[in-house]
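These are my notebook entries on a single protein chain. I set down what I looked up, entry by entry.

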Amino acid sequence: MIGRGTGNNTMSGSRNIAIGNDTMNNLTSGSYNVGIGDSCLQGIKTGNFNVGIGVNCLQSTDVSQSIVIGYSNFSSSGIAIGVSAGGSLSSGSNNTVNIGNASNGASVSNDSVFIGNNAGGGLGSNFTSNY
């Protein structure tokens, strides 16, 4: 772990890589996480198998098996690539994928794929798709 405040609460987690100021600073027991960038994976406490590359990735939620690349406050299980991709999501499951400035209107999304600028922007706060 490299950076000011990085991994400073880790008690029993293992096989984690954290590079950047305050990256994974709330991690207590999660394992197999990779965070590269300032304030990345701050929300991960016990989550496992997450990858965050960029600034503020997975900053507010303890999830597992997520991939976030780019500046994003993504806080759901799934994949987010791009600036603020999935930024409005507070929960979701089953491989929710957001690419670009996507899914800005949905706060809950399951089984969904959003690609492109403002994709999903008109959705209500509790959107669920089975396709």
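**Entry 1: a residue in a loop**

Leaving aside its neighbours within four places in sequence, with which residues is Asn33 in contact? I note before answering that the model is a predicted one. I looked up the contacts of Asn33 and found Arg15, Asn16, Ile17, Met24, Leu27, Leu41, Ile44, Gly47, Asn48, Phe49 and Asn50, its neighbours within four places being left aside. I then located Asn33 in the loop between β1, residues 17–19, and β2, residues 34–36. Is Asn33 buried or exposed? I recorded Asn33 as buried, because its relative accessible area is 0%.

**Entry 2: a glycine in the loop between β1 and β2**

I turned to Gly20, whose place is in the loop between β1 and β2. Gly20 counts as buried, since its relative accessible area is 12% and the cut-off for buried is under 20%. With neighbours within four places in sequence left aside, I listed Ile2, Gly3, Thr6, Gly37 and Asp38 as the contacts of Gly20. I also looked up the separation of Gly20 and Gly35: they are 15 residues apart in sequence, and their C-alpha atoms are 7.9 Å apart in space.

**Entry 3: the chain as a whole**

How many helices and strands does the protein chain have? I counted 0 helices and 10 strands. Along the sequence, the pattern reads β-β-β-β-β-β-β-β-β-β. The protein chain has 131 residues, of which 43% count as buried. I considered the contacts between residues at least 6 apart in sequence, and noted that 1% of them join residues at least 24 apart.

**Entry 4: two cysteines**

I next asked about disulfides. In general, a disulfide is a covalent bond between the sulfur atoms of two cysteines.

**Entry 5: an aromatic pair**

I found 1 aromatic pair in the structure. Tyr32 and Phe49 form this pair, with 5.1 Å from centre to centre and 5° between the planes, and it is stacked. Which parts of the chain does the pair link? Tyr32 is in the loop between β1 and β2, while Phe49 is in the loop between β2 and β3, residues 51–53; the two are 17 residues apart. Tyr32 is partly exposed, given its relative accessible area of 40%.

Finally, I looked up the residues that make a nonpolar surface patch of about 900 Å²: Ile2, Ile17, Ile19, Ile36, Ile53, Ile67, Ile69, Ile81, Ile99, Val113 and Ile115. Which elements give two or more residues to the nonpolar patch? I recorded β1, β4 (67–69) and β9 (113–115). I followed up one member of the patch, Ile69, and placed it in strand β4. Ile69 is partly exposed, with a relative accessible area of 35%.

Technical notes
Residues are numbered from 1 along each chain as its sequence is written. This is a predicted model: local features need pLDDT of at least 70, side-chain atom pairs count only at pLDDT 80 or more; totals for chains, interfaces and linings use all residues. Side-chain values use heavy atoms; hydrogens and water are left out. Helices (H or I, at least four residues) and strands (E, at least two) are DSSP runs, numbered from the N terminus. Buried means under 20% relative accessible area, exposed over 50%, partly exposed in between (1.4 Å probe, protein chains only). Contact means heavy atoms within 4.5 Å. Patches are made of residues with over 30% relative accessible area and no salt bridge: like charges are joined within 9 Å, nonpolar side chains (Val, Leu, Ile, Met, Phe, Trp, Tyr) within 5 Å. Accessible areas come from the Shrake-Rupley method with a 1.4 Å probe; for residues, only the protein chains shown count as cover. A salt bridge is a side-chain nitrogen of Lys or Arg within 4 Å of a carboxyl oxygen of Asp or Glu. Rings of Phe, Tyr and Trp (its six-membered ring) pair if their centres lie within 6.5 Å; planes under 30 degrees apart count as stacked, over 60 as edge-to-face and the rest as tilted.
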